[in-house]
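Work through the exercises below with the sequence and the coordinates open. Try each task before reading its solution.

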Amino acid sequence: MPHASPLLILLVAGLGLAFVLGTVANRLRISPIVGYLLAGVAVGPFTPGYVADQHLTLELADIGVILLMFGVGLHFSLGDLLAVRRIVLPGAILQVIVSTALGALVASLFGWPLPSATVFGAALSIASTVVVTRALQERRLVDSERGRVAVGWLVVQDLVTVIVLVLLPTLAPELRSGGPALDPAALAGTLALTLAKLAAFFLVMWLVGRRVIPWILHYVAHTGSRELFRLAVLSVALGVAYAAAALFGVSIALGAFFAGMILSESPLSRRAAEESLPLRDAFAVLFFVSVGMLFNPHVILSAPLRLLGTAMVVVVGTGITAFAILRILRVRTETAASVAAGLTQIGEFSFVLVNLEIGLALLPVQARDLILGASILSILINPIVIASVQRVVRRREEPERAATPPPEILRAVTLTGHAVVVGYGRVGRLVVDGLKRAGVPLLVIDESAESLEQLQAQAIETLAGNAAGEDLLRTANLAAARVLFVAIPEAFEAGQIVQQGRQANPALDIVARAHFDAEVEHLTKMGASTVIMGEREIAQAMLAHALRAQQG
Ligand code: AMP
């Protein structure tokens, strides 16, 4: 029998185990990331049994990083990025400096010389993009204020990392020996070259990419082949990321982010996001498996205090620093707390930095285990930090709300006998038009604030956000509503909305949208009064047209 390839075994073992342990974690109501990391430890070289190929895993994880950042870019325009520049540019740079100093302080307690302690600190100052973007996408916060600040912050951190990565080899001899005076001209030259390459990348993307990439996708979309469209999306995301790294020395993550951002202006961006979704999720899981694999659990026993100190810098140090900086920059307390909570972990950039630093003999090998250990601990603690911060924020907001209710809640509550329309897209728009003509009082909910703008201009009540989330529907005064239209295409979320609607008002007329028979069944079970199956209605209209034509 021919041997299965290492890649195939890795996919089977890595993804399979991640699936099993992720499900167990889900069952225990903890983040599935815990399961993915443990799956990595299990197939890693430091535990008995099957050992997966580390290089392969890391390479596959890169694809996850690319697709995640591409997806974030698709929700982000250059305008969004520029809108937060006054916060993220000074904020992220200052946070990196303070976190580096804190890390250096802790490392000097290990007895490491100052230069080593400083480069160790630098590796602790950069958060993992994967962890933040996953958390944002899970909660659909990329489009929110905190989402924009967080992503802007990551982009600046990413740029700082690129510069540090390029400068370190030039600085290394000086840092190692403290000896021969550094050649400032050489350093300035390297810095100038790096900045010039970054500028060249942005310029090429802006001048060429912004025209060529949407053109390619439009062309392919018109061929009508879904397969070709998917291929085009993947080729663009992977191709730009690779070119950014290979030609311009930009990180693959940043390259992919820009590829997505360029497409975000195109009407095809939503389809592009949908088509890359399943692959993105699978490869993002491999990212966590690869982190788990690199970890040597032995460090927990051999250097527990060092590990704890390192993790404290990341979780407590960076968290408080980022929060304080955001507050100084006059960001709202709630936004500042959420963004800071998201940043209290480290990941891929730290591994790249620490590997380079060990390679340049700037750090002892133990530093890698400490960084990996701190990364795993901080990624494990991260969801708990985010959840607790959210709880505190909500508690703070509640008394405030009682005192001065935000306008949308007041508006929603004053409506009675109204119709609530969830989803203002192809279906929702038509429903809203009809209700408007009939003079029915209306509340429209959509997660994209932009699509609601035109309604606000017509003085129609709106709520922006994910209606399947916990809080939004509660403010829609469903108890006094007459009918709820759930006009979104995704049946799983529609089911959650229907269920909440039914709980809020047992007598409510709930009309939902479906595309498959199984969805009709699911939505009915969740409590919908009527489920309209799009495909069936289309078929009936087609048939009626044909029969009419025949008679005529
Ligand atoms: P369409 O498929 O063209 O009818 O568009 C669906 C609309 O529903 C889009 O405008 C989405 O932004 C919106 N939408 C989808 N899911 C949700 C959700 N869970 N909560 C609120 N709006 C949603």
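The model is predicted: local features need pLDDT of at least 70, side-chain atom pairs count only at pLDDT 80 or more, and totals for chains, interfaces and linings use all residues. Residues are numbered from 1 along each chain as its sequence is written, and side-chain values use heavy atoms, with hydrogens and water left out.

**Exercise 1.** Describe the shell around the ligand and its polar contacts.

Solution. Start with the neighbours, taking a residue as near if one of its heavy atoms lies within 4 Å. The shell holds 15 residues, and the closest are Arg 426, Asp 446, Asn 466, Ala 467 and Arg 513. By class, 5 are nonpolar, 4 polar and 6 charged (Asp, Glu, Lys and Arg count as charged).

Next, look for polar contacts, which are pairs of N or O atoms within 3.5 Å. Asn 466 places a polar side-chain atom 2.6 Å from a ligand nitrogen. Finally, the ligand taken alone exposes 510 Å², of which the protein buries 92% (Shrake-Rupley method, 1.4 Å probe).

**Exercise 2.** Find the strand order of the open sheet and its edges.

Solution. Strands are DSSP runs of E, at least two residues, and two strands pair if DSSP finds at least two bridges between them. The 6 strands run in the order β3-β2-β1-β4-β5-β6, with parallel pairing. β3 (461–464) and β6 (530–533) each have a single partner strand, so one side of each lacks a neighbour in the sheet. Within the sheet, β1 (residues 419–422) pairs with β4 (residues 483–486) over 4 bridges; Ala 419 has Val 483 as its bridge partner.

Key: A polar contact is a pair of N or O atoms within 3.5 Å; within protein, one must be able to donate a hydrogen and the other to accept it, and residues adjacent in sequence count only if both atoms are side-chain atoms.
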